[in-house]
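Hello,

Here is the structure I promised to pass on. My notes follow below it.

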Amino acid sequence: MKEFEELTNEIREFILAQHYFFVATAPLDPNGHVNTSPKGFNGAFGFISTEAMRVASNNKMPSPQSKAVFVYLDVGGSGIETMAHLQEQGNGRITVCFVSHDKLPKIVRLFGRGFVMRPGDEGQNTKHSGCGR
């Protein structure tokens with residue numbers, strides 16, 4: 001497995017070419033379970049600059065080390081466990097996994113921290129959403 005400190009243009013292009021992805025989160029309780037959910041539909045994910053993210057998150061986001069932030073539009077599902085885990089005090093851990101089933105299979109995982117923004121939250125608007133690729 002290769003590890004990168006930052007997302008290269010090649011990795012970004014690969015991510016944006018995918019039609020769906022998976023997110024995995026877990027509660028801090030060791031008896032809790034890992035939640036893995038398929039996500040994505042056209043225009044539901046992309047990248048924005050860290051500065052735009054700071055504005056959009058009203059400075060709630062921890063300072064990332066990279067120059068871009070992956071964002072996606074989530075829709076409520078069976079139990080919205082992803083949101084519950086991200087909002088748990090002291091948590092926020094998330095893994096995003098992209099899988100290609102082309103001639104040359106490829107997997108890219110993004111490990112990081114996430115947070116939830118709801119429609120109407122200060123700073124949340126389409127100018128900074130990043131969705132729409």
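**Salt bridge**

Lys-106 and Glu-10 form a salt bridge, with the closest N and O atoms 3.7 Å apart. The term means a side-chain nitrogen of Lys or Arg within 4 Å of a carboxyl oxygen of Asp or Glu. The pair links distant parts of the chain, 96 residues apart: Lys-106 is in strand E6 (residues 106–113) and Glu-10 in helix H1 (residues 9–17). Helices (H or I, at least four residues) and strands (E, at least two) are DSSP runs, numbered from the N terminus. The structure holds one salt bridge.

Lys-106 counts as partly exposed because its relative accessibility is 29%. Glu-10, at 55%, counts as exposed. Buried means under 20% relative accessible area, exposed over 50%, and partly exposed in between (1.4 Å probe, protein chains only).

Some background: this is a predicted model, where local features need pLDDT of at least 70, side-chain atom pairs count only at pLDDT 80 or more, and totals for chains, interfaces and linings use all residues. Residues are numbered from 1 along each chain as its sequence is written, and side-chain values use heavy atoms, with hydrogens and water left out.

**Sheet**

E6 also belongs to an open sheet of four strands, ordered E2-E1-E5-E6 with antiparallel pairing. Its edge strands are E2 and E6, and each pairs on one side only. Two strands pair if DSSP finds at least two bridges between them. E1 (residues 21–25) and E2 run antiparallel, joined by five bridges. In that pair, Thr-25 stands opposite Asn-35 in E2.

Best wishes
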